[in-house]
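Here is a short briefing for a first look. Keep the sequence and the 3D view open while reading.

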Number of protein chains: 4
Amino acid sequence: MADTDLVELNDVEKTSGKLGKREQTKLANRESILNAAREVFAELGYGETTVRDIIRKTGLASGTFYNYFKSKEEVFEALMDEGMMRIRPRIRAERIRSRTFDEFIRNAYHAYFEYLAADMETFHIMRRNPNALRVRMDTPEIVAGFEEIREYIEEDIRNGILPAVDSEFLMAAVVGIAMEIGDRMLARAKPDPEQAAAFATTLVIQGYKALQPK
Amino acid sequence: MADTDLVELNDVEKTSGKLGKREQTKLANRESILNAAREVFAELGYGETTVRDIIRKTGLASGTFYNYFKSKEEVFEALMDEGMMRIRPRIRAERIRSRTFDEFIRNAYHAYFEYLAADMETFHIMRRNPNALRVRMDTPEIVAGFEEIREYIEEDIRNGILPAVDSEFLMAAVVGIAMEIGDRMLARAKPDPEQAAAFATTLVIQGYKALQPK
Amino acid sequence: MADTDLVELNDVEKTSGKLGKREQTKLANRESILNAAREVFAELGYGETTVRDIIRKTGLASGTFYNYFKSKEEVFEALMDEGMMRIRPRIRAERIRSRTFDEFIRNAYHAYFEYLAADMETFHIMRRNPNALRVRMDTPEIVAGFEEIREYIEEDIRNGILPAVDSEFLMAAVVGIAMEIGDRMLARAKPDPEQAAAFATTLVIQGYKALQPK
Amino acid sequence: MADTDLVELNDVEKTSGKLGKREQTKLANRESILNAAREVFAELGYGETTVRDIIRKTGLASGTFYNYFKSKEEVFEALMDEGMMRIRPRIRAERIRSRTFDEFIRNAYHAYFEYLAADMETFHIMRRNPNALRVRMDTPEIVAGFEEIREYIEEDIRNGILPAVDSEFLMAAVVGIAMEIGDRMLARAKPDPEQAAAFATTLVIQGYKALQPK
DNA sequence: CATGAATGAGCATTCATTCAT
DNA sequence: AATGAATGAATGCTCATTCAT
């Protein structure tokens, strides 16, 4: 069992800003389910994973699962959103503090590959499951994450910083490079986010400059 | 005399190159299962697909499936191999007739995106299913296809045509770009392989030139 | 206060020796499956019986079967063991209170045929199913039951009470007589254990005395 | 494959008493199926055996089976009858040439155990399959075989050679001893029919003499 | 709220049997 | 008569989900 460090916390202080026993347990259980799900999805892929696999790993009762999520699909989406919600703000921050597109690409790739190395599992799932139903994978959060990058590109095009290239394709290339290189990086004995970021950055920065306007 | 019974007639036909009715049906059924599988996998993803979904689509009896494939996995692999076996010779051919790396990249992307547009389904599956278990997806044929590209890169590095870059990462980038841009292209109302190939080619060709030797 | 919820009530009951409703149902279901299995095995034989036959007879849902037994084989063995576990202690008791081998044979046959008449079904199965795979039938409990008889024989040989006959064959004869006569007895309108026991006893007691030492 | 020495015999001579090619093949196939069935039943038991198992072993096509037998049950019965048809005449012969009941028992056990050692498989099946459905096992031939022994007993009772014992129980004992001792004999490294027969004979002969008239 | 047994729909697979060749 | 692919009913079993406790 993965996480049995749930429940059994301490006494109540409903007046303070702290959480009561009940609330704490609830959060702990929810987190426990998400952690178990992350591991199982990463191991088996979305389609092959069963709710049973997940609850078995939590040590909770089967019925308890349904107090937190309606279905396997719902946990999966929660997981995807969670991952994206962690990386998006970083990329957005990089966007803000970068003065050129080149700088943004460089900083964003750095942020991404470093995050990837630190939180491998979630991103493995994202990579390997784009599958099943892309539709489902297209969690609002995820679509938004991709679209955000595209918007940055279009913004820079409008500002004359980038040539008027096909922004969707450029975003696709940026993302595709991130994904495949990310996979290979994670497969290596000693993942080196720095190297991966440098590689991807160079490729994109040098590449886009020669692109023909649409 | 006429004691040459039907089975022997079939033998005769076999030597003459023609197929008996039985053999024809068998081939047709096999093809039918593969086609159904292609569609269902594309629609539901590998993990969500059931053998029943596949046979339901063929109209054959459930037992018949097992005369042709031992399991869902086996059909899937047959499909993957088939797809890869169609694209690989084209890419190899491009490699042979190309005199520079740049030319090879350009020609290979052309071949790939054109093929993609013509045989969308199989490649959709390849894109969306790398998932489940990457391991399973790693059909010998597929691994070989990727490795072949990597070998071309290393060959050119040895010949001084390319700087001594990380060949695995470059291959990953080439493949990642192909995949993501391919996906976006297929999602468009009027897929334009020519445009996709031009875009990807420019990106890679301009990009790799600036890469630092390892 | 009344926060002692129902589950804890069950715990309380457990310590008091009583069973909660849940536990009662579980026991009842298990018994129900065993009873159904006993009947079906008796009617169809092991090989011909399907798990579905068994659950159909219980009225439970198909999945419920698997909450109690992993397979048909497992119920079968539970049944065999149960039967043997009922008869063995009786035979052992007879052994203890008998002062001669003759007395033991007489008492044991009495106990056996009486038990047989009272619990026909299980022993019918034992008779008719030894078949299928004798191996499987060779539940530890059953092998032990037979071996126990053989050991009594060898003990008496060592003590000079019996001639040094082939103990395995004598055990086989004792068992074979019990089985076949038992079958015939059960097939009669009014099974008469007393008569069967007298018949078998006479045969064995008179017979073994003339056996040649090995 | 067990028996592929079928077919491909020689030319026709329908005029002679010999069998034509067709007839020979037919007999060979029938025999081949029976042999395969004997082996499979002996290995798996009746219930667990499938028609597929049998035909797989013959090397014939699945459809061919049905030219010879309507079902698994039919082959099984053919096999049982065959076995009984081989042993019955021997026992009947012994009956005829024996002048006393004792002599008959002795000779019959000899014949039986010797036959058993020589044709182990069929009798193993008979022993282990009494199971499935005793009804089905009660092939006319088999019932008749048992009844024949019983009739001999009753005849001797009528002639005052035997006390007026329960003839069914005595037959059951005779048969039970034969079966269980037969099993144990076959399980030994070097089956010794002579020893088994001597053992069984002594037991029965000495035993029945003390039986009380009904 | 947590629990975990009950449920029955659904799945993969095997089987006996048929029938076109 | 032999063949072996097609058939679909039947089997063992798993799963998501519910609900009494």
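In this predicted model, DNA strand E is surrounded by 40 residues. The closest are A:Ala61, A:Gly63, C:Gly63, D:Thr50 and D:Gly63.

**The DNA strands**

- The surface near DNA strand E holds 9 nonpolar, 21 polar and 10 charged residues.
- Around DNA strand F there are 42 residues.
- Closest to DNA strand F are A:Thr50, A:Gly63, B:Gly63, D:Ala61 and D:Gly63.
- By class, the surface near DNA strand F has 10 nonpolar, 21 polar and 11 charged residues.

**Chain A as a whole**

- Chain A has 10 helices and 0 strands.
- Read from the N terminus, its elements run α-α-α-α-α-α-α-α-α-α.
- Chain A has 214 residues, and 40% of them are buried.
- Take the contacts in chain A with a separation of 6 or more: 65% of them join residues 24 or more positions apart.

**Helix pairs in chain D**

Two packed helices are described by the angle between their axes and the distance between the axes. Helix 5 of chain D takes part in both pairs below.

- Helix 4 (residues 72–97) of chain D and helix 5 of chain D have axes that come within 9 Å and cross at roughly 155°.
- An angle over 145 degrees counts as roughly antiparallel, so helix 4 of chain D and helix 5 of chain D are roughly antiparallel to each other.
- Their crossing is right-handed.
- On the helix 4 side of chain D, the contact uses D:Arg86, D:Ile87, D:Arg90, D:Ile91, D:Glu94 and D:Arg95.
- Helix 5 of chain D meets them with D:Phe104, D:Asn107, D:Ala108, D:Ala111, D:Tyr112 and D:Tyr115.
- This contact of helix 4 of chain D with helix 5 of chain D has 7 nonpolar, 1 polar and 4 charged residues.
- Helix 5 (residues 101–118) of chain D also pairs with helix 9 (residues 167–187) of chain D: the axes come within 10 Å and cross at roughly 40°.
- Helix 5 of chain D and helix 9 of chain D are therefore oblique to each other.
- The crossing of helix 5 of chain D with helix 9 of chain D is right-handed.
- From helix 5 of chain D, the contact draws on D:Tyr109, D:Tyr112, D:Phe113 and D:Leu116.
- From helix 9 of chain D come D:Ala178, D:Gly182, D:Met185 and D:Leu186.
- The contact of helix 5 of chain D with helix 9 of chain D includes 7 nonpolar residues, 1 polar and no charged.

**A helix pair in chain B**

- The axes of helix 10 (residues 167–187) and helix 11 (residues 193–208) of chain B come within 10 Å and cross at roughly 155°.
- That angle makes helix 10 of chain B roughly antiparallel to helix 11 of chain B.
- Helix 10 of chain B passes helix 11 of chain B in a right-handed crossing.
- Helix 10 of chain B brings B:Leu170, B:Val174, B:Ile177, B:Ala178, B:Ile181, B:Gly182 and B:Met185 to the contact.
- Helix 11 of chain B brings B:Ala196, B:Phe199, B:Ala200, B:Leu203, B:Val204 and B:Tyr208.
- By class, the contact of helix 10 of chain B with helix 11 of chain B has 12 nonpolar, 1 polar and no charged residues.

- C:Phe76 sits in helix 5 (residues 72–97) of chain C.
- C:Phe76 counts as buried because it has 22 C-beta neighbours inside 10 Å.
- Beyond four places in sequence, C:Phe76 is in contact with C:Phe41 and C:Tyr46.
- C:Leu34 is 42 residues from C:Phe76 in sequence, yet the two are 8.6 Å apart in space, C-alpha to C-alpha.
- D:Glu148 belongs to helix 8 (residues 140–158) of chain D.
- With 16 other C-beta atoms within 10 Å, D:Glu148 is partly exposed.
- Leaving aside neighbours within four places in sequence, D:Glu148 is in contact with D:Arg88 and D:Arg92.
- C:Ser167 lies in helix 10 (residues 167–187) of chain C.
- C:Ser167 is partly exposed, with 19 other C-beta atoms within 10 Å.
- Not counting residues up to four places away in sequence, C:Ser167 touches C:Arg150, C:Ile153, C:Glu154 and C:Ile157.

Note on methods:
Residues numbered from 1 in each chain as written. Chains lettered and ligands numbered in written order. Predicted model: local features only at pLDDT ≥ 70, side-chain atom pairs only at ≥ 80, totals over all residues. Near = placed C-beta within 6 Å. Nonpolar A, V, L, I, M, F, W, Y, C, P; charged D, E, K, R; others polar. Axes fitted to C-alpha atoms, helices over the stretch in contact; angles between N-to-C directions. Helix = DSSP H or I, 4+ residues; strand = E, 2+ residues; numbered from the N terminus. Parallel < 35°, antiparallel > 145°, perpendicular 65-115°, else oblique. Left-handed = near helix turned anticlockwise from the far one by under 90°. Contact = placed C-beta atoms within 7 Å. Buried ≥ 20, exposed ≤ 12 C-beta atoms within 10 Å, placed from the backbone.
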